[in-house]
Amino acid sequence: RSSPVTGVQTCALPISCCVNMKGFVFAVLALAALASAEIYFQETFSDDKVMDRWVHSNAKVSEGTAGEMKVSAGKYFADAEDDKGLQTTQDSKFYMYTCEIPKEFSNKDKTLVFQYQLKQEQHIDCGGGYLKLLPADSIKSQKDFNADSKYNIMFGPDICGMSTRRTHVIFSDKEGKNHLIKKDVKCETDDLSHLYTLIVFPNNTYEVRIDRTKVESGSLEDDWDMVAPKKIKDPKQSKPKDWIDDPEMDDPEDKKPEDWDKIPARIPDPEAKKPEDWDDETDGDWEAPTIENPEYKGEWRPKRIPNPAYKGEWVHPLIDNPEYKPNPELYAYPSFKYVAIEIWQVKSGSIYDNILLTDSLETADEWAAKWETRKTAEKAARDKFLDEERKAAEEKRKAEEAEEAKKDAKDVADNDDKEEL
């Protein structure tokens, strides 16, 4: 299995035949950028040493709730070998695995691109599909990794029913406190492979892409509570007591009709009949059940008209926050040493693949392009698998019905024989 990054071929013709001077300079700069790009971590799950690299934690093992993962391409795929990844295999289990980054690194003064592919072919109903990036001092050994181990970044989808369907983007501050993004970043929920990309820039900005499309972006200061806000509400200011912030008011000229309250909310059912066996002496006076009165208009309220005293919504004045301290290195972490899976899944089957950590957007896009070229074939394979699954289920149903009919016929025949005897 080859790397998703394509090779670069040089032109064999004289430079004047290939490109003009501007084009040549651009090409040289582009090649230089690729040459300087650094891949900190890449995992394609393509060799026979995967389960040696990905260490299963001892956490939850004694409780019997630790889930095992295996290398698999799943039930359907574009390529049986090339699409192998690390798959969850047991329902209602915790999955805790770590893989060591070959060389510890810092993203200070560099762009960090964190990208991976995830296929949730089980139509996950409740469980995570995210990854964590850990510093070197987060664990003494990979066997010790657990849910409380500190991390720098947590990124990826989390689904539970209809209420939780989001892509987590969580950063840990220098004190180890984890901060969730304040925006709601949606995630994919179908059973095909999707590409999740987080880009953290050295100017304290970020971008989230799903399937090569930007779905969110902004500032680390604004979208997380990692630093005190620049502005706060002026504590010396409050809304004036006479401030009118209701755009409408009751019409003072509108009066309630005199007969309004004479119409009851419920009336006796005109179609109800007194039971023939009803005895007034023993059962008491018969009363018809009530039904909602179609003429009832509800509680009377005066009409609403525009309020001439309306001043608009009152906005609390802001002042500079004396506790605000800008941190130009909010994005930077001194140590990245492990990639980790730490999730719970009710229904297993998720497959992680093509995990990449790099400082190069170009490199990440090369990897993403390979996913792009394979998604159509994967969808066709998925559709074929589901069609064959439906056909097999139908054939099984028919076979079971035929067997049941055969059994019923035998029972009838046996009963006939007994009657003749």
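The legends below describe close-up views of a predicted model.

In this predicted model, local features need pLDDT of at least 70 and side-chain atom pairs count only at pLDDT 80 or more, while totals for chains, interfaces and linings use all residues. Residues are numbered from 1 along each chain as its sequence is written, and side-chain values use heavy atoms, with hydrogens and water left out.

View 1. Helix α6 covers residues 361-420, a run of 60 residues. Helices (H or I, at least four residues) and strands (E, at least two) are DSSP runs, numbered from the N terminus. From first C-alpha to last, α6 reaches 86 Å, close to the 88 Å expected at 1.5 Å a residue; the expected span is 1.5 Å times one less than the number of residues. At R374, α6 bends by about 40°, the bend being the angle between axes fitted to the seven residues ending there and the seven starting there. The buried residues of α6 are T363, A364, W367, A368, K370, W371, E378, A381 and R382. Buried means under 20% relative accessible area, exposed over 50%, and partly exposed in between (1.4 Å probe, protein chains only). These buried residues of α6 pack against β1 (39-43), β6 (112-120), β12 (193-200) and β22 (350-358).

**View 2. Q117 and N354, joined by a polar contact.** Q117 is in strand β6, and N354 is in strand β22. Their side chains are joined by a polar contact of 3.1 Å. A polar contact is a pair of N or O atoms within 3.5 Å; within protein, one must be able to donate a hydrogen and the other to accept it, and residues adjacent in sequence count only if both atoms are side-chain atoms. Q117 is buried, with a relative accessible area of 8%, and N354 is buried at 11%. N354 has a phi near 50°, a positive value in a residue other than glycine. Leaving aside neighbours within four places in sequence, Q117 is in contact (heavy atoms within 4.5 Å) with S193, H194, L195, I351, Y352, D353, N354 and W371.

View 3. A disulfide is a covalent bond between the sulfur atoms of two cysteines. Here the rule is a pair of cysteine sulfur atoms within 2.5 Å, and by this rule the count comes to 1 disulfide. The sulfur atoms of C126 and C160 are 2.3 Å apart. The link of C126 and C160 is left-handed, with -85° about the S-S bond. C126 lies in strand β7 (residues 126-128) and C160 in strand β9 (residues 153-160), so the pair ties together parts that are 34 residues apart in sequence. C160 is partly exposed, at 32% relative accessibility. C187 is in no disulfide, and the nearest cysteine sulfur, that of C160, is 12 Å away. C187 counts as buried, at 12% relative accessibility.

**View 4. Aromatic pairs.** The structure holds 14 aromatic pairs. Rings of Phe, Tyr and Trp (its six-membered ring) pair if their centres lie within 6.5 Å; planes under 30 degrees apart count as stacked, over 60 as edge-to-face and the rest as tilted. Y40 and F105 are stacked because their ring centres are 3.7 Å apart and their planes are at 0°. Y40 lies in strand β1 and F105 in strand β5 (residues 93-105), so this pair ties together parts that are 65 residues apart in sequence. Y40 is buried, with a relative accessible area of 7%, and F105 is buried with a relative accessible area of 7%. F155 and Y196 form an edge-to-face pair, 6.5 Å centre to centre with 75° between the planes. F155 lies in strand β9 and Y196 in strand β12, so the pair ties together parts that are 41 residues apart in sequence. Both F155 and Y196 are buried. Ring pairs link F114, Y116, F155, Y196 and Y352 into a cluster.

View 5. S92 is found in the loop between β4 (85-88) and β5, and is partly exposed at 36% relative accessible area. From C-alpha to C-alpha, S92 and S106 are 36 Å apart in space, and they are 14 residues apart in sequence. Leaving aside neighbours within four places in sequence, S92 is in contact with W344, Q345 and V346. H123 lies in the loop between β6 and β7. H123 is not a glycine, yet has a positive phi of about 55°. At 45% relative accessibility, H123 counts as partly exposed.
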